[in-house]
Amino acid sequence: MIRDKKRVIVGMPTSFGFYKIINSRLEEVGFEVIDVSFQDHEFKYKNWTDRLYNLFRKVFLGDQTYKAKLKFLAAGHGILTNLQNLKGKADYGLIIRSDIYPTFVMDLIRQKTEVLLGYQWDGLNRYPTIKDRFKYFDRFYFFDHGDIAVAKEGSNKLIPITNFFFSHLQNLETTVQKNTFLFLGSYNSSRMGNIINAEKLINDLGGFTRFMVYSNDNKLVEEFPNIQFIQEQMEYIDYIKLVLRSEYLVDLLVDTHEGLSFRVFESLGYKKKLLTNNKTIRQYDFYHPNNVFILGDEQRRLEEFFILPYVEIRKDIIEKYDFDNWILRIFT
């Protein structure tokens, strides 16, 4: 039988429903998707024996992968069967955060894929076991400039690339709420000080902040009373609706990152003014001082930035960072 669609195996954490957007868009542009994504965050040991054995392997054998195996066995129901039943090979595979997959799963994905591509949307040094996965891939992409040294040491398969945005989501019906500032991110102690300072600065100037931090730690509510903590993961599509309703986006780095986060490309694609503490943004072709204020690295005052009109960025520059073009770049 001759197939008229290219097949792609897609795997990543299912957190925040990001994988749904990627899979549906790939299908919309003509791919057949074989999804191997699974939830790797909400995991509990079945018993104390598993916990103790994992500790033993980590401490005495230097094995950082056993917990990943337990997570997959607990949450990855059906994935192995689907892969084993796949007739022939997929044309492409795209695995994001391959460190969450046990090696026996990566072995099978490799066997079932003509061209296997990896992408790490977290720093390579932040999850060191990712380095053991490079061998599986034909090409492995990373977004963080701070990982270039790791790439030079690791493999010539490693290629820098940026994050992206989804242009097809910009037509969701929303009304922009003037003078509103949105930040949403997972809890990381290294940026909480910057989050608090940014919120206070904006509020003091009359802005309306919607700063949300994802964490299950109830103690943080008492420690940071002015920050809204959310315990349930927000679906990415719902987050984008908040983005489209906001006039400004706020991007605050985790201290292990230097690359540009998804928030930066969302601000570009959806034409939102951006507040960020990432100084490297000046190096990019879409940077314009009317549109971006770099917290802690400006001669001007923030209130001066507020009154500047948004400057339209060239269409071809914006399109370069659209997911549709991003996926074509890594597949070709």
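What share of the contacts in the protein with a separation of 6 or more comes from residues 24 or more positions apart? Such residues account for 66% of them, where contact means heavy atoms within 4.5 Å. This is a predicted model, so local features need pLDDT of at least 70, side-chain atom pairs count only at pLDDT 80 or more, and totals for chains, interfaces and linings use all residues. Residues are numbered from 1 along each chain as its sequence is written, and side-chain values use heavy atoms, with hydrogens and water left out.

The protein holds 13 helices and twelve strands. Helices (H or I, at least four residues) and strands (E, at least two) are DSSP runs, numbered from the N terminus. Of the 332 residues, 52% are buried. Buried means under 20% relative accessible area, exposed over 50%, and partly exposed in between, with a 1.4 Å probe and protein chains only. The accessible surface comes to about 16,600 Å², and carbon and sulfur atoms own 50% of that. These areas come from the Shrake-Rupley method with a 1.4 Å probe; for residues, only the protein chains shown count as cover.

Start with the sheet that contains S1. Six strands form this open sheet, in the order S2-S1-S3-S4-S5-S6, with parallel pairing. Two strands pair if DSSP finds at least two bridges between them. S2 and strand S6 (158-160) stand at the edges with a single partner strand each, so one side of each has no neighbour in the sheet. From one strand to the next the twist averages 25°. Axes are lines fitted to C-alpha atoms, for helices over the stretch in contact, and angles run from 0 to 180 degrees between N-to-C directions.

Now follow the pairs across this sheet. Six bridges link S3 with strand S4 (residues 113-120) in the parallel sense. Glycine 93 stands opposite leucine 116 in S4. Helix H5 (residues 103-111) packs on the sheet and touches S3 and S4. The direction of H5 makes about 130° with that of S4. Next, four bridges join S4 to strand S5 (residues 139-142), again parallel. Tyrosine 119 has tyrosine 141 of S5 as its bridge partner. S5 then pairs with S6 over three bridges, in the parallel sense. Here tyrosine 141 has isoleucine 159 of S6 as its bridge partner.

Helix H1 (residues 18-28) comes next. Its buried residues are Phe18, Tyr19, Ile21, Ile22, Asn23, Arg25 and Leu26. An α-helix has 3.6 residues a turn, so residues three or four places apart point the same way. The buried residues of H1 pack against strand S1 (6-11), strand S2 (31-35) and strand S3 (90-96), and also against helix H9 (236-245), helix H10 (262-269) and helix H13 (323-331). Just after H1, glycine 30 takes a positive phi of about 115°.

Another open sheet of six strands has the order S9-S8-S7-S10-S11-S12, with parallel pairing. Strand S9 (228-230) and strand S12 (292-294) are its edge strands, and each pairs on one side only. The twist averages 25° from one strand to the next. Strand S10 (residues 246-251) runs parallel to strand S11 (residues 273-276), and four bridges join them. Aspartate 251 has threonine 276 of S11 as its bridge partner. Helix H7 (residues 189-204) packs on this sheet and touches strand S7 (177-186), strand S8 (208-214), S9, S10 and S11. The direction of H7 makes about 165° with that of S8.

Threonine 174 sits in the loop between S6 and S7. It counts as partly exposed because its relative accessibility is 29%. Beyond its neighbours within four places in sequence, threonine 174 is in contact with Lys241, Leu244 and Arg245. Its C-alpha atom is 9.5 Å from that of valine 243, 69 residues apart along the chain.

On a 1 Å grid over the protein atoms alone, a cavity is a set of points where a 1.4 Å probe fits but cannot get out, and a pocket is an open set with protein on both sides within 12 Å along at least five of seven lines; lining residues have an atom within 4 Å of a point. The largest pocket holds about 1,100 Å³ of space. It is lined by 36 residues, and those closest to its centre are Phe16, Asp122, Gly185, Ser186 and Arg263. S7, H9 and H10 are the elements that give two or more residues to this lining. The largest cavity holds about 80 Å³. H10 gives the most to its lining, with three residues.

Methods:
Grid points are joined across faces, edges and corners, and a volume is the space filled by probe spheres set on the points.
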